[in-house]
Amino acid sequence: MKYDLIVIGGGVSGMTAAICAAERGKKVLILEKGDRVGRKLLATGNGKCNLANTASTVGRYNTRFVDEILAEYPLGAQSEFFLGLGLLTRENAGRIYPYSEQASTVLNVMRAALDRYGVEVLTSVGAERAEGHYTVNGKYHAENLLIATGSDASFGYESLSLVYPYGHSSTRRIPSLVPLITDKTNLKGLKGIRARVKAVLCEGEREISSVSDEIIFKDNGVSGTAIFGLSSALARHALINGEAEIKIDFAPDLTHDELKSLFSQGIALEGMFHKEIAAAVRRYAESEKLSNEEAVKSYVLKDVRPGSRELAQVMCGGLVTDDFYSDTLESRLSEGLYASGEALDVDGDCGGFNLMWAVASGMAVGKACGSK
Ligand SMILES: Cc1cc2nc3c(=O)[nH]c(=O)nc-3n(C[C@H](O)[C@H](O)[C@H](O)COP(=O)(O)OP(=O)(O)OC[C@H]3O[C@@H](n4cnc5c(N)ncnc54)[C@H](O)[C@@H]3O)c2cc1C
């Protein structure tokens, strides 16, 4: 049996491509290494699945390569796609979730669509090699091949070498949207404490990125929404050897002078912050010979490194995008070969942007193969 399209990887991107090609009458096979499709999808958004975001997607990725496809398949087109599968969504502060707030609902409608359009799905079948145009594992043949293998962030697999024989290559993969490891000196006493701060990632004097949001202190580093934001910047700048530091401003809504005035009026550190934060700031001010207001506004964690890939939501890095057409995602090196989702060197910000890319890129490939 020869298929029109073999999809390697039954994640959200591969399933989307398969549905879009099959609804155009193509014979599609999905090969999934895991024992079921969509396992990572189930873990997204703490099980609620933050599918998309109403904010502009411009500037929310490591690369402008995404622009053409996200313009062709913006939020509206993605919502229509999911509506067509029978999925109702709702918005919360710009983030789009399934109405049920359960990732399993998204997976269920996608699986039903795969069934409806006659997509063949083989689970527990890992693609080990691809040859010619195109044979996978020596026994599955197709006119077109999509590599939608995602990344090894969290519990995924690294399978990009499957397309190296076709001349493709990949950039180094670095964990992103991940807690950051830091020097422990200034973490003392803070484990488990949460605060709303402005966190700034710096390399020497250079400010690389800043995020105002929640930070969570851990015994070996920091986590929380603010830190996830900084971790993208750290990975995209490949600052993995401890050359960066994080400056924390514990009172971002107050200027240095306002703080100074408050302290001179008798406001205590303990009257403003969690007692452990107050104690840490006091220790830091003493050791660095700073005023309390300086220590509050610039509390430094040194030797910043990305946390492990097991804790990451995505990997920064992947197949070199220049080798693919930015409208269809077909390879420039091998006709009929495609890549989508996180397999490509594309990583998005926190807030639904990674699933948006996975879905849009899957739609683009499904349409390109379906129209042949
Ligand atoms: C804990 C967690 C929470 C997240 N939350 C969000 C969120 O709320 N919003 C958001 O936008 N993003 C989120 N993400 C990121 C998002 O899940 C991914 O970016 C997205 O799933 C990528 O889709 P994909 O289809 O490219 O890859 P995946 O979903 O990873 O799918 C790839 C599939 O390919 C299979 N595979 C790999 N190698 C082979 C092989 N050789 N043969 C056969 N099959 C293979 C894998 O088993 C996998 O099923 C989260 C990620 C994690 C880990």
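This short talk covers a ligand site, a helix and a barrel in a predicted model.

Some housekeeping. Residues are numbered from 1 along each chain as its sequence is written. Because the model is predicted, local features need pLDDT of at least 70 and side-chain atom pairs pLDDT 80 or more, while totals for chains, interfaces and linings use all residues; side-chain values use heavy atoms, without hydrogens and water.

I start with the ligand. It has 34 residues around it, and Glu32, Ala127, Ser159, Glu342 and Leu355 come nearest; around means a heavy atom within 4 Å. A polar side-chain atom of Ser159 is 2.7 Å from a ligand nitrogen. A backbone N or O atom of Asn50 sits 3.0 Å from a ligand nitrogen, and one of Gly352 sits 3.3 Å from a ligand oxygen. Alone, the ligand exposes 1,000 Å², of which the protein buries 93% (Shrake-Rupley areas, 1.4 Å probe).

Which element gives the most to this shell? That is α10, with four residues. Helices here are DSSP runs of H or I, at least four residues, and strands are E runs of at least two. α1, β2 and α2 each supply at least two residues as well.

Helix α1, residues 12–22, has eleven of its eleven residues buried, meaning under 20% relative accessible area with a 1.4 Å probe, protein chains only. Among them are Met15 and Cys20.

Last, the barrel. Six strands close in the order β11-β14-β13-β12-β15-β16, with antiparallel pairing; pairing takes at least two DSSP bridges. β11 and β16 pair over two bridges, with Leu180 opposite Pro306.

Terms used:
Buried < 20%, exposed > 50% of the residue type's maximum accessible area, 1.4 Å probe, protein only. Polar contact = N/O pair within 3.5 Å; in protein donor to acceptor, adjacent residues only side chain to side chain.
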